[in-house]
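Please look over the model shown here. A few questions and answers on it follow.

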Amino acid sequence: MSDATPLPRLRRTLDLGARRIVRHLDTGDGWQAVTESESGTADFVPSAFTDEFELARWERLGLPDGATVLPVSPIAFREYMLFEQHAVDAARGMARRFLPAGYRIGRAFEAITRRTFPPYRPHRLWYAQPIYYLSNPLTLVPSGVEITPPAYSNALDFELELGVVLGAPLRDATEADALAAIAAVVVINDFSARDVQLPEMRSGFGPQKSKHFAGSMSATAVAGSAVADRLDRLTASVSINGETLSRTGTSGMRFSVAEAIVHASRSEQLYPGELVATGTLPGGSGMELGRWLAPGDDLRLEIDGIGVIEHRIGK
């Protein structure tokens, strides 16, 4: 995607004096402050929360007047796992750090057979339908916020993902319906406490405190209509402390974003403001790269043409 291509974008900032959230649109001529009624078809997702609710939320994070907040505050957050390569490499990375005996067995198996160690592959249901869990949309923070690792973890990780936000209700949707309902496209980061995740997954109930403490979103959102036809052809990168550790992208999904939305809508009502994330792009997590976050790190996650997430890791 060319950086010269003008893409309709949205951002929102704090006006603490007026006690409001200011919406800005850029349709190719620079950022302009607008109201929801003025923005018309260029706008993406109607606000689900009051300004006062959001102001209190951002003030608790200590954000100053004029700070950029989430371009969209989602009402629900479905976290998919659409990339097999990530699933395999992440399982291998998890074993390397937390299950060294099993990792040695897997390494020997793969060296001899030149095939993926079977325990690293996703469950068979993953190959039959899009798999997701519901995360916590209220712990998503804006890019730029300093992140303190949870007190109960010593293995903080990041996950670079593509996210889409619905702008229309859906139920029993077709793929065409699903694509047409994508109002905003964002970058998502799913912070993970990996040492907590392993026992939680073994409980049979899926991730809980290992995931719900924090996630983040890019400062800007791109209009879905501008990129919905190429969600599987975007390029991306991971950098820590200015060093590029991974160049990746959104190609290679087992199921498309539209198929994931269709699956979620089967006999279930979806609403404007719901966030759907693809799951981690291949090479988009520290567990895959062997690079765990540490205090003082500067993390940068980018999907070209969509947006950037940046965080300093605190103590």
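Q: Is Leu16 buried, partly exposed or exposed, and what is its relative accessible area?
A: Buried means under 20% relative accessible area and exposed over 50%, with partly exposed in between (1.4 Å probe, protein chains only). Leu16 falls in the partly exposed class because its relative accessible area is 21%. The model is predicted: local features need pLDDT of at least 70, side-chain atom pairs count only at pLDDT 80 or more, and totals for chains, interfaces and linings use all residues. Residues are numbered from 1 along each chain as its sequence is written, and side-chain values use heavy atoms, with hydrogens and water left out. For Leu16 the value is 21%.

Q: Which residues does Leu16 touch, not counting residues up to four places away in sequence?
A: Leu16 lies in the loop between strand 1 (9-15) and strand 2 (20-26); strands are DSSP runs (E, at least two residues), numbered from the N terminus. A contact means heavy atoms within 4.5 Å. With residues up to four places away in sequence set aside, Leu16 touches Leu55, Glu59, Leu63, Pro64 and Asp65.

Q: Which residue of strand 15 stands opposite Ile240?
A: Strand 14 and strand 15 (residues 243-249) pair in the antiparallel sense over six bridges; pairing requires at least two DSSP bridges between two strands. Their hairpin has two residues between the strands, and Asn241 takes a positive phi near 55° there. Opposite Ile240 stands Glu243.

Q: What is the bridge partner of Ala236 in strand 17?
A: Strand 14 (residues 235-240) has five of its six residues buried. Five bridges join strand 14 to strand 17 (residues 298-303), and the two run antiparallel. The partner of Ala236 is Ile303.

Key. Helix = DSSP H or I, 4+ residues; strand = E, 2+ residues; numbered from the N terminus.
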